[in-house]
Amino acid sequence: MDEIQSQSDNYRSSSSSTSSPANRVPAFNFFYLRKPGALGQPISFEDSPEWEDTDVDVRVEEGGNSINAATTPVSSSLSKLNSGSLPSPHLPEGAAAARKIDGASVAWKDLTVTIKGKRKYSDNVVKSSNGYALPGTMTVIMGPAKSGKSTLLRAIAGRLPPAAKMYGEIFVNGAKMYMPYGSYGYVDLETTLIDSLTVREYLYYSALLQLPGFFCQKKSVVEEAIHAMSLGDFANKLIGGHCYMKGVPSGERRRVVIARELVMRPHILFIDEPLYHLDSVSALLMMVTLKKLTSTGCTLIFTLNQSSTEVFGLFDRICLLSNGNTLFFGETLTCLQHFSNAGFPCPIMQSPSDHFLRAINTDFDRIIAMCKNWQDDNGEFSSVNMDTAVAICTLEATYKSSADAAAVETMIQRLTEKEGPLLKSKGKAGNATRIAVLTWRSLLIMSREWKYYWLRLILYMLLALCIGTIFSGLGHSLSSVVTRVAAIFVFVSFTLLLSIAGVPAIMKEIKIYVSEESNQHSGALVFLFGQLLSSIAFLFLISISSSLVFYFFIGLRDEFGLLMYFVVNFFMCLLVNEGLMLAVASLWKNIFRSVLTLVTIHVLLMLAAGYFRIRNELPGTVWTYPLSYIAFHTYSIQGLLENEYLGVNFGIGQVRTISGFQALHGAYDISPSSNSKWENLLVLFLMAVGYRILVFVLLHFHARKNVSLRRICECSRDSTS
């Protein structure tokens, strides 16, 4: 500590005369914040670099349903930024004003999060964090990469991964409880949007999945969310665009994700990196929009890596983290004073957030090592000569002994000494409604996704046409039997192999499901039924178009009943294959691994399907049991051959005839029973059901891990109380 103190004193002495705003420039030039929209009017922080403390008055209304926070700003500059003088997002003419929301206070006390290593919970990602968020305010969790800011946000929202374990207490309106469905919204860093829907359609279907009630009532909620996030100009634009029209820009895509959570009118909104992949202008517009959102009463908590000066001026409170340690929590301008008191004043003309992260980001030590031989105009590389380890230790020690830390503890005590109104669940849409919505939405997506659906349909028909023309003109003699068996095998096997082209579309559906399921907008059973009902129409269209082309080109028996069996058999085979692709994609959740796995499985099943070597002659180990019995190619080809040749006789010479079963005996293994083709169809149906059950287990297991984690967190909180 003596060494750290001496280094800190050296830095203070070297920077006091060069970095202090009062010593370097006149007071009227000292500014950090500027009002958005008034670029020519710098906002000063009074006539001296010293700031007064902020008085916060928290009142819990008796019999009310909200906690009101009255904050006296540190200076007139901040009051301008936090007042209604900010530019409002444009609302279309006739649009209703934003509806007021009963906010909720959030407080966390001694919050510690550990991540499970190879042997035990050893790595403390967040260490004894204290803080709070009040209704109608913006609280930002800021820090360098891997500082624990996203983990802290997930811990407060109850979204920690299964490998994490949490200790400490979290209070909502003074009560130790979890936030029920609909009372809060969470926006993750990466969220999958549906590119083939417009912004309004995407939000409308999301509202149908989330909210109970009539459809007409949800349209007004969607319009409110569109206006709240200033998406009116993009409401009727496809999110992903198409061949001759660009999609929604990245900044507006982020707004769409936030608007999806606003559909529920949450009391608390958690956002992980709202400025992710946004330029400076888009970032400022986003933060102004979120600032206006807090004026409705919503409690806003989000993470941020760094921000511009204008964006920094919009924050109400800041929680500064480094390596899981809380270096500061309090008002934004008080944070500047805290750094100045610790010996690290913010230089003139530098963004406060850049200065904070420069002081506490250990990655800058590598830059110092690289640039140690460089010199600036003054003869030294003074802008990066700060030892970050010294800065972090000094800031942490200064904060723990400061009045700011004591004020946070006092505020947490005041917020938790009396329980406020409990947040209530707003109800969910019924499972039947969700299945209908997912089915209709998937059908709409299929009608627009030409790359994954219509192009696949064209490829299926072209493949059927190619196989049909190659095996055309076979006739109906005994010599054509073996060739026709080859044609049916090639048709079934190659079309199933071609189905792997649909893996990207299935992977996108699973990603959308994971995103919606994490916010409890969907469920495994709802997703499976919706996906099944929507895929039935597409698969039946493929089966009937491809079967008609192939059936008549190779000259199969011209009977309507036999043709319909061929179509239904091929349809069931495609349905089984769709279930297999869903299972593999749910297991890997990666396109490359899924495609590689599916190709391997299909090749093995084709080898064991009984064409290259009939079933009763295959080696008993592995190839007969179990491969030949789980190869759905086998049951489909058997059924199609039995449908074509059972009950048919072939003449040998002028006297002798043989049955179709005898003609096929040396080419493929089929059953002589007249009901065997229906038995094969039943096996295909059961396999389709079995694969769906397997997918349900995989998805349900993934969902239960999140539920079990919340129970672990509850036990951890109870053990600390």
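**Exercise 1.** Which residue forms a salt bridge with Arg-260, and how far apart are the closest N and O atoms? Classify both partners by burial.

*Solution.* The model is predicted.
- Step 1: The partner is Glu-261, with the closest N and O atoms 3.2 Å apart. The cut-off for a salt bridge is 4 Å.
- Step 2: Buried means under 20% relative accessible area. Arg-260 has 3% relative accessibility, so Arg-260 counts as buried.
- Step 3: Glu-261 has a relative accessible area of 3%, so Glu-261 is buried.

**Exercise 2.** Find the salt bridge of Arg-154 and place its two ends in the chain.

*Solution.* 
- Step 1: Arg-154 pairs with Asp-272, and their closest N and O atoms are 3.8 Å apart.
- Step 2: This pair links distant parts of the chain, 118 residues apart. Arg-154 lies in helix 4 (residues 149-157), while Asp-272 lies in the loop between strand 10 (268-271) and helix 8 (280-294).
- Step 3: Arg-154 has a relative accessible area of 24%, so Arg-154 is partly exposed. Asp-272, at 1%, is buried.

**Exercise 3.** Describe the geometry and the cover of helix 16.

*Solution.* 
- Step 1: Helix 16 has 21 residues. Its first and last C-alpha atoms are 28 Å apart, close to the expected 30 Å.
- Step 2: There is a bend of about 25 degrees at Arg-456.
- Step 3: Buried residues of this helix include Tyr-452, Tyr-453, Arg-456, Leu-457 and Tyr-460.
- Step 4: Among the elements covering the buried residues of helix 16 are helix 15 (431-448), helix 17 (480-498) and helix 18 (503-518).

**Exercise 4.** Which element gives the most to the nonpolar patch, and how many residues does it give?

*Solution.* 
- Step 1: The patch covers about 800 Å², and its residues include Trp-450, Trp-454, Ile-458, Leu-541 and Phe-553.
- Step 2: Helix 16 (450-470) and helix 19 (524-553) each give two or more residues.
- Step 3: Helix 16 gives the most, with seven residues.
- Step 4: Ile-458 belongs to helix 16. Patch residues need over 30% relative accessible area. Ile-458 has 47%, so Ile-458 is partly exposed.

Key:
Residues numbered from 1 in each chain as written. Predicted model: local features only at pLDDT ≥ 70, side-chain atom pairs only at ≥ 80, totals over all residues. Heavy atoms only, no water. Patch = residues over 30% accessible without salt bridge, like charges linked within 9 Å, V, L, I, M, F, W, Y side chains within 5 Å. Areas by Shrake-Rupley, 256 points an atom, 1.4 Å probe, with all protein chains shown as cover. Salt bridge = Lys/Arg side-chain N within 4 Å of Asp/Glu carboxyl O. Helix = DSSP H or I, 4+ residues; strand = E, 2+ residues; numbered from the N terminus. Buried < 20%, exposed > 50% of the residue type's maximum accessible area, 1.4 Å probe, protein only. Expected span 1.5 Å × (residues − 1). Bend = angle between axes of the 7 residues up to and from the residue. Contact = heavy atoms within 4.5 Å.
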